[in-house]
Amino acid sequence: MRHGSYRFVASFLAIPLALYAIFVISPFVQAFYYSLTDWTGISPKFKFVGLDNFKTLAHDSVFKQAVGHNLILLIGLPLITIFLALVFAYLLNVGGRANAAGVQGVRGNGFYKLAFFLPQVLSVPVIAVIWATVMTSTDTGLLNSVTKKIGLGTSEYLADPNIALYCVMWVLIWGSVGFYLVLFNAAMSGIPKDIFEAAIIDGAGRLATFFRITLPLLWDTIQTSWVYLAILALDAYALVAVMTAGPGGPDNSTYVMGLAIADNGFQYGRAGYASAMGVVLFFLTLIIAAVMLRATRRERIEF
Amino acid sequence: MTTPDNLSRRLFLQHAAVGTLLATGGSALLSACASGGSDDENTGGGGADKTAENPFGVKESDPLDVVIFKGGYGDDYAKAHEELYKKKFPGTTVKHAGITDITPQLQPRFNGGNPPDVIDNSGASALPSSTLATSGQLADLTQLFDAPSIDDANKKVSDTIEPITLEAAQLGGKPLLLNYVLTVYAIWYNKKLFDEKGWAPAKTWTEFLALCEEIKKAGIAPLAHQGKHPYYIAQVVMDMAVKHGGHDVIKAIDELEPNAWKHPSIKLAAEALLELKGKGYIMQGTEGLDHIQSQTAWNQGKAAFIPSGSWLENEQKPVAPKDFLTTAAYTPLLDGAKLPVDCTQIAAGEPFIVPEKAKNKAGGLEFLRIMLSKEAAGKFTELTGSPTVVKGAGEGLKLSPGAASSGALLASGGENNWTTYYAAWYSTMDKPIRSVFGELAAARITSDEFMNRAQKIADDTAKDPKTKKQTRS
């Protein structure tokens with residue numbers, strides 16, 4: 001009987017696990033293997049070169065630049081996205097009047113939720129094309145003609161190496177805020193309203209309720225969001241590839257690790273070297289996720 | 001059935017995972033890697049009697065597998081060529097694929113050892129041909145160029161095509177690529193606009209500056225370029241540099257010679273571009289525009305000149321006004337230039353390859369031989385409006401203003417026309433150099449910084465043990 005139950009349960013899990021092994025585990029294992037070879041990517045023949053790729057990588061100034069850009073995204077993207085999403089979610093939930101019916105969100109919050117969530121429905125290249133058009137570098141560009149009219153002057157946006165990376169970061173934020181807004185909103189509606197009402201009766205202001213009640217009770221959700229956004233910041237490949245000059249320019253100012261991997265693997269014919277970059281990125285992501293989960297651990301509050 | 005107590009969740013998952021690995025076959029999993037591994041020699045087709053009519057001994061029954069990059073030229077011309085092939089070998093079947101994502105689709109086939117018989121290896125995701133060449137995956141085209149021509153069996157194929165084709169075919173000392181389309185690079189203007197205003201393209205730098213001033217006063221930007229792809233503006237700088245210093249300037253660059261990028265002619269040309277930017281002769285914001293945006297602005301009359309290749313007219317057909325006369329002009333001569341003004345950069349492009357391990361390699365070579373007949377080449381020009389490397393195949397065809405003017409520039413340049421290969425030969429050098437040209441065009445660096453940075457990239461490429469240095473013939 002015991003033997004039979006193994007087989008019964010295993011039969012359910014075999015197919016999903018097989019798919020996972022073939023399409024997730026096996027590519028990972030292969031990438032680790034190829035990172036130790038001089039594979040060109042388009043030849044069945046290659047040599048084992050040990051750690052040579054990693055040694056070259058340590059002196060690759062372009063890759064170092066790319067890591068730097070990913071780190072800027074890693075700091076800016078989660079901070080700003082979570083801040084904005086929290087503020088908006090809080091306003092939608094408890095931003096309205098407190099009256100006899102209790103604490104309410106702002107009027108029309110369903111509409112706002114939908115509006116904020118909309119970018120999430122669009123695919124990344126569509127978002128990239130839209131924003132590249134909005135931020136056209138000529139004075140007659142969409143955003144430039146508006147800022148010029150209201151006296152704010154013009155900017156070359158993606159053609160200016162000093163701000164191009166921040167333009168890409170802004171689009172990443174714009175595309176993510178909606179999702180985290182809805183996520184936080186759902187988590188907030190899970191907090192019993194009477195807690196807020198009790199606080200208000202005790203004389204707590206909006207800020208105090210936010211910092212003393214909402215934030216601690218949302219901590220788990222925020223922590224998860226932070227890790228997801230960090231992983232997004234370490235990627236950013238698709239936006240950079242579609243929006244920027246080069247891509248990765250001007251003057252490598254928006255070059256990210258994902259782009260370095262694609263360039264080396266598919267254009268320079270250095271798939272082995274690109275795999276080594278992929279391995280570095282893999283461990284970087286793993287370490288950052290682990291550190292973040294550790295550093296932000298708090299006692300869980302049950303309610 | 002009850003769940004047995006001693007079957008803990010963790011233990012169970014472990015067992016299931018191991019079971020899965022076994023079920024999918026651990027060894028199969030490891031051998032089914034992305035790099036494949038099958039390296040079986042195959043015969044490469046052929047085997048029939050080799051005659052003047054059938055110099056590669058194609059067996060009529062062997063099927064032919066053709067993959068065409070379906071870009072600006074479409075793939076209708078290839079279907080026409082396949083009809084010619086089928087007419088010659090009625091017993092065969094031709095498998096045709098017109099695609100844009102060459103590398104994603106063909107990479108696994110190369111790695112698996114079953115590549116197609118003919119590939120038009122072009123477009124943004126073309127296979128890196130230098131890498132294919134180093135690993136011996138491309139068929140030697142010597143036998144094609146030495147074979148008798150279809151139009152005249154007394155002539156070799158190599159005598160019926162533009163000489164640049166033979167040089168452009170070289171990769172690692174062997175002819176491996178058949179570049180089929182002849183491209184003329186120029187700066188382009190709207191002849192209708194210029195005639196109305198009484199302007200004409202300038203021959204010297206002083207005249208060019210005066211012309212720019214006049215155009216600027218008329219409220220038009222003298223020059224636009226495709227800033228997101230700085231390779232277009234690079235074409236202007238290099239054309240002025242080569243005309244000033246002669247062909248040796250570009251040959252030294254292509255051969256990765258020390259200090260090739262620090263040639264005085266390159267400095268002059270770089271400073272000329274900086275002068276244009278400094279005097280406000282370059283369209284504001286063009287640094288951030290892609291080719292579609294900038295070329296459309298040029299079609300709308302916002303800019304007078306734009307650099308591009310002879311595909312421009314065809315590319316802009318959907319947006320150009322009906323009476324727009326796309327016309328090719330030469331770049332102006334810097335003082336003390338060695339070459340005359342009426343020559344330009346040309347290139348044999350759209351490389352066709354035959355994989356060494358193709359099942360029907362003989363058929364692939366024969367397909368290329370058919371493409372190099374006047375009938376097939378004329379068909380190409382008729383369908384795409386672009387000239388081919390086949391001599392005299394465009395005779396008698398009615399040409400558009402763009403094609404006629406670039407044809408005239410090609411003819412007037414003659415032996416003085418020049419070409420370059422470094423971007424194709426050294427794939428790791430191409431993109432970084434473009435980026436430096438972008439910085440120069442935006443005037444964020446000086447001409448000296450430009451030369452130093454470009455030279456550093458060239459030196460790094462030369463030092464890299466993985467680089468296979470090439471020499472110009």
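A residue is classed as buried if 20 or more other C-beta atoms lie within 10 Å of its own, as exposed if 12 or fewer do, and as partly exposed in between, with C-beta atoms placed from the backbone. Buried residues make up 37% of the 303 residues in chain A.

This is a predicted model, in which local features need pLDDT of at least 70 and side-chain atom pairs count only at pLDDT 80 or more, while totals for chains, interfaces and linings use all residues. Residues are numbered from 1 along each chain as its sequence is written, and chains are lettered from A and ligands numbered from 1 in the order in which they are written.

**Chain A overall**

Chain A has twelve helices and two strands, where helices (H or I, at least four residues) and strands (E, at least two) are DSSP runs numbered from the N terminus. Read from the N terminus, the order of elements is α-α-α-β-β-α-α-α-α-α-α-α-α-α. Along the principal axes, the C-alpha atoms of chain A fill a box of roughly 75 × 75 × 30 Å. Of the contacts in chain A between residues at least 6 apart in sequence, 68% join residues at least 24 apart; a contact requires C-beta atoms, placed from the backbone, within 7 Å.

**Annotated spans**

An unreviewed UniProt entry lists residues 12-36, 71-93, 114-134, 163-183, 226-246 and 273-293 of chain A under "transmembrane region". Such positions are given in the numbering used here, feature names are shortened, and annotations may be inferred rather than shown by experiment. Two of the spans are described below.

| Span in chain A | Helix | Strand | Distance between end C-alpha atoms |
|---|---|---|---|
| Residues 114-134 | 90% helix | 0% strand | 22 Å |
| Residues 226-246 | 81% helix | 0% strand | 30 Å |

**The pair α11 and α12**

In chain A, the axes of helix α11 (residues 257-267) and helix α12 (residues 271-295) come within 7 Å and cross at roughly 160°. Axes are lines fitted to C-alpha atoms, for helices over the stretch in contact, and angles run from 0 to 180 degrees between N-to-C directions. The helices α11(A) and α12(A) are therefore roughly antiparallel to each other, a class for angles over 145 degrees. On the α11(A) side, M257(A), A260(A), I261(A), N264(A) and G265(A) meet A271(A), Y273(A), A274(A), M277(A), G278(A) and L281(A) in α12(A). The residues of this contact divide into eight nonpolar, three polar and no charged; Ala, Val, Leu, Ile, Met, Phe, Trp, Tyr, Cys and Pro count as nonpolar, Asp, Glu, Lys and Arg as charged, and the others, Gly among them, as polar.

**A position in chain B**

K463(B) is placed in helix α20 (residues 447-463) of chain B. K463(B) is exposed, with 9 other C-beta atoms within 10 Å.

Technical notes:
Parallel < 35°, antiparallel > 145°, perpendicular 65-115°, else oblique. Contact = placed C-beta atoms within 7 Å.
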